[in-house]
Amino acid sequence: MSQKVAVLGTGKIGEALLSGMIRGGWNPSDLLVTARRAERAEELRTRYGVTAVGNAEAAKTADTLILTVKPQDMGALVEELAPHVPAGRLVISGAAGITTASLEERLPAGVPVVRVMPNTPALVDEAMSVISGGSHATDAHIETAEQIFGSVGKTLRVPESQQDACTALSGSGPAYFYYLVEAMTDAGILLGLPRDKAHDLIVQSAIGAAVMLRDSGEHPVKLRENVTSPAGTTISAIRELENHGVRAALIAALEAARDRSRELASGNGA
């Protein structure tokens, strides 16, 4: 953990990484940050004791560069960095849809690139970060990415060809659950419950179900069947979900998210 790591374009996910790395044992003096606004950089410096620098200085100084900007801002950032990145510098991209090959083309020859798709539960140390190495990335480079992103949750290595699918499932995944909770809360209000009570009931049910999925080792079908008694309330609800095509709608939604990730990779992200 003695290497210098720079987080470029430090927004919410970037700040979560900073916080997680410090809790995981990184010395703040080894962490650099860049931000578009000077006041944001100063806020991070004051809060975490890290060093705020410009993008070019980060590229020259840090051993590892973590690019946390939005996909539409990645091109300009890499163009700014490229003249200052030595061949041995590790570049980690956290932008949806941006391939390692496209970054390798814009960076000096031989620069190792690792692609990571985290999600917003990094803010509460429960992220799912999916990791793929580019053509110049070694196991050691991927392990560095796993160590960094493992400080805010779980990591999973996949072939880069699966990254768009993973973006659809886990990168965007938290939003689907928030959407479901929103709809269930509205249903609770319709059924006569106050909003706060409906919210508490649903959130705790979601937490309990998630822990059971993670820890029980049971297939989700088995867990659902355990709740679904003959001619009971649950099967009546499941029938309505099937009648309204909820399963098919979810599959179509994830396909749409995957396709959008591909569009971003092809440069049609406007």
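View 1. UniProt places "domain: Pyrroline-5-carboxylate reductase dimerisation" at residues 160-264, from an unreviewed entry. UniProt positions follow the numbering used here, feature names are shortened, and annotations may be inferred rather than shown by experiment. The model is predicted: local features need pLDDT of at least 70, side-chain atom pairs count only at pLDDT 80 or more, and totals for chains, interfaces and linings use all residues. Residues are numbered from 1 along each chain as its sequence is written, and side-chain values use heavy atoms, with hydrogens and water left out. Residues 160-264 are 82% helix and 0% strand. Their end C-alpha atoms lie 15 Å apart. Helices (H or I, at least four residues) and strands (E, at least two) are DSSP runs, numbered from the N terminus.

**View 2. The packing of α8 on α9.** Helix α8 (residues 173-190) and helix α9 (residues 195-215) pack at about 135 degrees, with axes 9 Å apart. Axes are lines fitted to C-alpha atoms, for helices over the stretch in contact; angles run from 0 to 180 degrees between N-to-C directions. The contact (heavy atoms within 4.5 Å) includes Val-181, Met-184 and Ile-189 of α8 and Ala-198 and Ile-202 of α9.

**View 3. The eight-stranded sheet.** The open sheet has the order β3-β2-β1-β4-β5-β6-β7-β8, with mixed pairing. Two strands pair if DSSP finds at least two bridges between them. Edge strands β3 (51-52) and β8 (153-157) each pair on one side only.

**View 4. The β7-β8 pair.** Five bridges join β7 (residues 127-133) to β8, and the two run parallel. Ser-129 stands opposite Thr-155 in β8. Helix α7 (residues 163-171) packs on the sheet, touching β6 (113-117) and β7.
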